[in-house]
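Dear colleague,

Please find below the structure that I am handing over to you. My findings follow it.

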Amino acid sequence: MSGNNSTQHLDTSKLTLIGLLVSMGIVFGDIGTSPLYVMKAIINARLETATMPLDEYIEGALSCIIWTLTLQTTIKYVAIALRADNKGEGGILSLYSLVKRMKRKHLYLFAIIGASTLVADSVITPSLTVISAIEGLKIYNPDTPVVLYTCFILFIVFFVQQFGTSKIGKFFGPVMIIWFLALGIFGANHIMGNLSILKSFNPIYAYNLISHSPSAIVVMGAVFLCTTGAEAMYSDLGHCGKQNIRVSWIFVKAMLILNYLGQGAWLLDNHLKVREGINPFFGIMPDYMVFPGVLLATMAAIIASQAVITGAFTMFSEAMSVAFWPNQQIEYPSGVKGQMYIPRINWGLMALCFIIVLYFQESHKMESAYGLTITITMLMTSTLLIFWLKKKRVKKWLIIVFAITYLSIELGFFYANIIKFLDGGWITIALSGFMMVCMYAWFNGRKIKAKFLKYVKFEKYVSVIKDMKLDETIPKYATNLAFLSRAKREDEIEAKIIYSIIRKQPKRADHYFILNIINQEDPYTFKYYVDEIMPSTIYKINFLLGFKVDRRINDYFDQVLKDLMEAEEIPSRSGFPSLRQHNVPPDLKYVIIDNTYINDNLLTLKEKIILNIYSFVRYIGSDDFKAWGVSPHNVVVESAPLLDQEIVTKKLEQIEFRRYHA
């Protein structure tokens, strides 16, 4: 099977100049825009609380930033997590795919929690980065309508997703290289005037801040913002490959540290200007560079937002493949492998971004909401990495060192961020909680339905369908009749499909096709094979598709039919004589059985609640014919009962049977 799913894919297994350029534009957008707000949040934490002398405070905070970037980003993510790739794809759900076969009953909960909090991060990151960049205009005009401009830019970012980003994506890399060079140059300029700031590389200053500052917890919550893009870096692994990410990270980290040090040096003499609304990020720029700096920061914020949105699309496609989320319509507007667009997710994220911006209005208020959910994601990633290390048979003492180190660091950051719950953190926790409930209900609701769903051996009904095919008293329903199936065993089929063919309305056809998608862990698998159940009559078509391949079953099945016609397995012309003489191709109809009724008496209270939420989540997803990419013009949607239900109720007593005769 061939198509645009098998073309135009960057070879991420090799270190290339193009790979390095793409890494700059896609992978580091989130972490690369952190200097816009990190030092401002740190100095605001000091202004709000009594603390140590300014120079010790700044040097301690910078030391925390340097060592957080080293321990959390460089060692945990760049050195370790990037090794845990699923056929080249990264992110918490890819990591879960690697360990889900381990005999741990509740392992899926870690993945659901991590994925849900990552969704909240996908909302807060674009909002915070764009509003932080636009606030730079207040240097020129304090009355700048920041919220209006921010919402307008966010609308443009989300609006263009439907057209694909392959063309504008080519500019991301060069723009981000300019961005990082600007970070380093402006930072280095201020370091030259105060070389003592380089003492911050000594971790003793971080220790002194954490152990002696009364506001250490508040400060650590602000420091954590410097590494929030690390999880996004791991999620975007599939776009660039680990070698390209690792090499480009050396340059990115150097530029980030230079900028943080430069902002720290500026704050030693200008910290009171923060009260006047001056962001240290723009404060280190010469006056004539502030406006170009705002424009460059806005472009970087847009690129960071684009990277997060792309990561969200990938995460939801992975969630569909591991049964955490209902199937949804996925489009590939760029025609480029891996660049997807999910309409409902796109507009949903945009609406949530607007709510965040309108609620907080200012970036420093938004910082309270930022960081809390991503610490939870990082904790869940660390937990799954522990299982992955165990699966890889890494020495037990190394696993213990990893677990103690990173669970301690991230629990500390979590505590530092949880104190901001009432200041705005609650809104992202509420969003994450909503997503967790939805994913939990969908995952377990499918299991509950599967428990009641009846499967039958197809071979038992072959003779019935054979006789029905010859029975001309039954009107022909279609020449080619296709059903969508999720049966996992090759010799089985859902009883509801047999019910539809034989009992609901006898459906006589020349050929019956059972279409089945078998999700593959390799994200780009694009193949199919055919099982002939009954000669020249019943075929099972098995599509082997990776989670980054769109589900355009309509197009793929058309190709399968052409292949079968070329192999002379089925006729290429209509079975009706009047149409056959004009070389009209045979007609095709799809039947989708949309729902199966389950009697409430068969369910526990917990199962009823889960299925009620499952039904709600189902409306968030697409209709089956849209999710499977089936054209709606030739689709019949039916419902079917759950066959052979054993309902434990009191039997109704018959007291009389009356006959009335004329």
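Asn-583 is exposed, with a relative accessible area of 53%. This residue of the predicted model sits in the loop between H24 and strand E7 (588-597). Although Asn-583 is not a glycine, its phi is positive, at about 60°. Glu-568 also has a positive phi, near 60°, and is likewise a residue other than glycine. Its place is the loop between helix H23 (553-566) and helix H24 (577-580), and Glu-568 is exposed, with a relative accessible area of 72%. Both are worth noting because most residues other than glycine have a negative phi.

As to the chain overall, it has 26 helices and 8 strands. Of its 662 residues, 56% are buried. Among contacts with a separation of 6 or more, 83% join residues 24 or more positions apart. The accessible surface comes to about 29300 Å², and carbon and sulfur atoms account for 59% of it.

Helix H6 (residues 107-134) packs against helix H15 (residues 287-321) at an angle of about 165°, the axes being 8 Å apart. The two helices are therefore roughly antiparallel, and H6 passes H15 in a left-handed crossing. On the H6 side, the contact includes Ala-115, Leu-118, Asp-121 and Ile-134; on the H15 side, the residues include Val-294, Ser-305, Met-315 and Phe-316. The residues of this contact divide into 14 nonpolar, 5 polar and 1 charged.

With kind regards

Notes. Residues are numbered from 1 along each chain as its sequence is written. This is a predicted model: local features need pLDDT of at least 70, side-chain atom pairs count only at pLDDT 80 or more; totals for chains, interfaces and linings use all residues. Side-chain values use heavy atoms; hydrogens and water are left out. Axes are lines fitted to C-alpha atoms, for helices over the stretch in contact, and angles run from 0 to 180 degrees between N-to-C directions. Helices (H or I, at least four residues) and strands (E, at least two) are DSSP runs, numbered from the N terminus. Angles under 35 degrees count as roughly parallel, over 145 as roughly antiparallel, 65 to 115 as roughly perpendicular and the rest as oblique. A crossing is left-handed if the near helix is turned anticlockwise from the far one by less than a right angle, and right-handed if clockwise. Contact means heavy atoms within 4.5 Å. Ala, Val, Leu, Ile, Met, Phe, Trp, Tyr, Cys and Pro count as nonpolar, Asp, Glu, Lys and Arg as charged, and the others, Gly among them, as polar. Buried means under 20% relative accessible area, exposed over 50%, partly exposed in between (1.4 Å probe, protein chains only). Accessible areas come from the Shrake-Rupley method with a 1.4 Å probe; for residues, only the protein chains shown count as cover.
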